[in-house]
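Here is a short briefing on a predicted model. Keep the structure open while you read.

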Amino acid sequence: MAKSATPAVELPVGEHTVRVSNPDRVYFPELGATKLDLARYYLSVGDGIVNALRDRPCMLHRFPKGLPGGKVHQKRLPGGAPDWISTVRVNFPRYGRHADELCVQELADVIWAVQMSTVEFHPWNSRATDTESPDEWRIDLDPMPDCPWSRVRRVAHVVHEVLDELGAVGWPKTSGGSGMHVYVRIAPEYGFQQVRRAALAFAREVQRRAPADVTTAWWRKDRDPAQLFVDYNQNARDHTIAAAYSVRGVPAATVSTPVRWTEIDEIHPRDFTLATVPARYAELGDLQAGMDEAVFDIAGLLELADRHGVDEPVDLDE
């Protein structure tokens with residue numbers, strides 16, 4: 001007789017119980033980490049992942065058969081959602097379509113998404129109350145193929161310096177890949193094009209201060225492969241990057257992890273994984289917990305863009 005599948009596990013999460021089927025399915029073969037391990041990881045960083053996702057349209061990176069089975073990029077909420085799962089409708093005028101995307105309100109929403117094979121969470125930088133007005137400016141330090149981590153560190157310090165001069169509070173985190181992200185909370189008073197133009201003006205200032213390290217060239221072919229691209233394009237509409245505390249769908253199960261500015265010279269992205277982040281979180285809590293109280297007005301950056309003749313970035317929808 002064939003061996004029966006491992007019974008589902010029921011996890012109490014707040015006011016709900018989430019049933020996790022196939023709990024022993026191996027998602028990360030190099031680590032032997034299972035679907036249940038992934039769910040327990042997200043439970044361990046609960047407040048942090050919810051704070052990163054709350055009220056935002058969220059694209060899901062799902063791995064129905066684990067990493068070896070490949071990734072599914074999913075904008076629409078997977079079928080079979082319980083009635084307590086919230087969504088927000090976003091429109092895609094270029095295609096004449098819309099999608100009802102996951103809109104996390106509580107930790108049970110995250111664990112249900114894990115039950116539906118989600119590994120990575122990629123939220124918008126705007127919220128459900130006004131999806132067309134970002135409240136998060138994202139600075140993506142994206143190293144080109146030959147760019148060393150030491151260069152990422154150097155540029156991160158330049159970013160911190162410029163933000164301090166502007167009076168903006170930046171919240172750094174590893175990307176879970178080879179780069180870093182820095183988030184700045186902004187008032188939702190501008191559209192995506194304006195936020196992206198402000199981000200480009202900032203990127204150009206970082207480049208001016210670190211010309212040997214930084215590129216802002218639009219086309220990849222025009223970038224030095226040893227430099228770091230300050231990717232202002234991540235502020236375009238419907239462009240998303242992995243949330244703070246999101247596991248990445250890579251063999252090492254790295255995590256996009258908030259860090260303190262004072263740690264940058266000591267850390268490496270490989271330090272932060274599904275296995276190591278829970279203990280760090282238990283010790284430090286959510287390092288981005290105060291972000292909503294540190295709102296920055298990008299008007300000064302838009303004035304800088306005017307003074308320096310920073311043109312509107314290329315329209316990504318064209």
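Helix 5 passes helix 7 in a left-handed crossing. The axes of helix 5 (residues 192-209) and helix 7 (residues 299-307) come within 8 Å. They cross at roughly 65 degrees. Helix 5 is therefore roughly perpendicular to helix 7, as 65 to 115 degrees counts as such.

**Helix 5 against helix 7**

- On the helix 5 side, the contact uses Q194, R197, A198, A201 and F202.
- On the helix 7 side, L301, L302, L304, A305 and D306 meet them.
- The residues of this contact of helix 5 with helix 7 divide into 7 nonpolar, 1 polar and 2 charged.

**Helix 4 against helix 5**

- Helix 4 and helix 5 pack with their axes 10 Å apart, at an angle of about 120 degrees.
- That angle makes helix 4 oblique to helix 5.
- The crossing of helix 4 past helix 5 is right-handed.
- Helix 4 brings V155, V158, V159, E161, V162, L163, E165 and L166 to the contact.
- Helix 5 answers with F202, E205, V206 and R209.
- By type, the residues of the contact of helix 4 with helix 5 are 8 nonpolar, no polar and 4 charged.

**F192 in helix 5**

- F192 belongs to helix 5.
- With a relative accessible area of 8%, F192 is buried, because the cut-off is under 20%.
- Beyond its neighbours within four places in sequence, F192 is in contact with W124, N125, S126, T131, E132 and P134 among others.
- Its contacts also include N235, A236 and R237.
- F192 and D47 are 145 residues apart along the chain, and their C-alpha atoms are separated by 28 Å.

- An open sheet is formed by 5 strands, in the order 11-12-10-14-13.
- Its pairing is mixed.
- Strand 11 (171-174) and strand 13 (214-215) are the edge strands, and each pairs on one side only.
- Strand 11 pairs with strand 12 (residues 180-185) in the antiparallel sense, over 4 bridges.
- In this pair, T174 stands opposite M180 in strand 12.
- Helix 4 (residues 149-166) lies across strand 10 (136-143), strand 12, strand 13 and strand 14 (228-231).
- Helix 4 runs at about 155 degrees to strand 10.

- Strand 5 (residues 57-62) and strand 8 (residues 97-103) run antiparallel and are joined by 2 bridges.
- P57 stands opposite C103 in strand 8.
- Strand 7 (residues 87-92) also pairs with strand 8 in the antiparallel sense, over 6 bridges.
- V88 has E101 in strand 8 as its bridge partner.
- Strand 7 and strand 8 form a hairpin with 4 residues between the strands.
- In that hairpin, G96 takes a positive phi near 65 degrees.

- How many of the residues of helix 3 are buried? The count is 9 of its 9 residues, and the helix is mostly covered.
- The buried residues in helix 3 are L107, A108, D109, V110, I111, W112, A113, V114 and Q115.
- S117 follows helix 3 and has a positive phi, near 75 degrees.
- S117 sits in the loop between helix 3 (107-115) and strand 9 (118-123).
- Is S117 buried or exposed? S117 counts as buried, at 5% relative accessibility.
- Leaving aside neighbours within four places in sequence, S117 is in contact with Y27, H61, R62, F63 and P64.

**Two aspartates with positive phi**

- D55 is not a glycine, although its phi is positive, at about 70 degrees.
- D55 lies in the loop between helix 2 (46-53) and strand 5.
- D55 counts as partly exposed, at 25% relative accessibility.
- D238 has a positive phi of about 65 degrees, and D238 is not a glycine either.
- The loop between strand 14 and helix 6 (277-284) holds D238.
- At 21% relative accessibility, D238 counts as partly exposed.

Note on methods. Residues numbered from 1 in each chain as written. Predicted model: local features only at pLDDT ≥ 70, side-chain atom pairs only at ≥ 80, totals over all residues. Heavy atoms only, no water. Pairing = 2+ DSSP bridges. Contact = heavy atoms within 4.5 Å. Axes fitted to C-alpha atoms, helices over the stretch in contact; angles between N-to-C directions. Parallel < 35°, antiparallel > 145°, perpendicular 65-115°, else oblique. Left-handed = near helix turned anticlockwise from the far one by under 90°. Nonpolar A, V, L, I, M, F, W, Y, C, P; charged D, E, K, R; others polar. Buried < 20%, exposed > 50% of the residue type's maximum accessible area, 1.4 Å probe, protein only.
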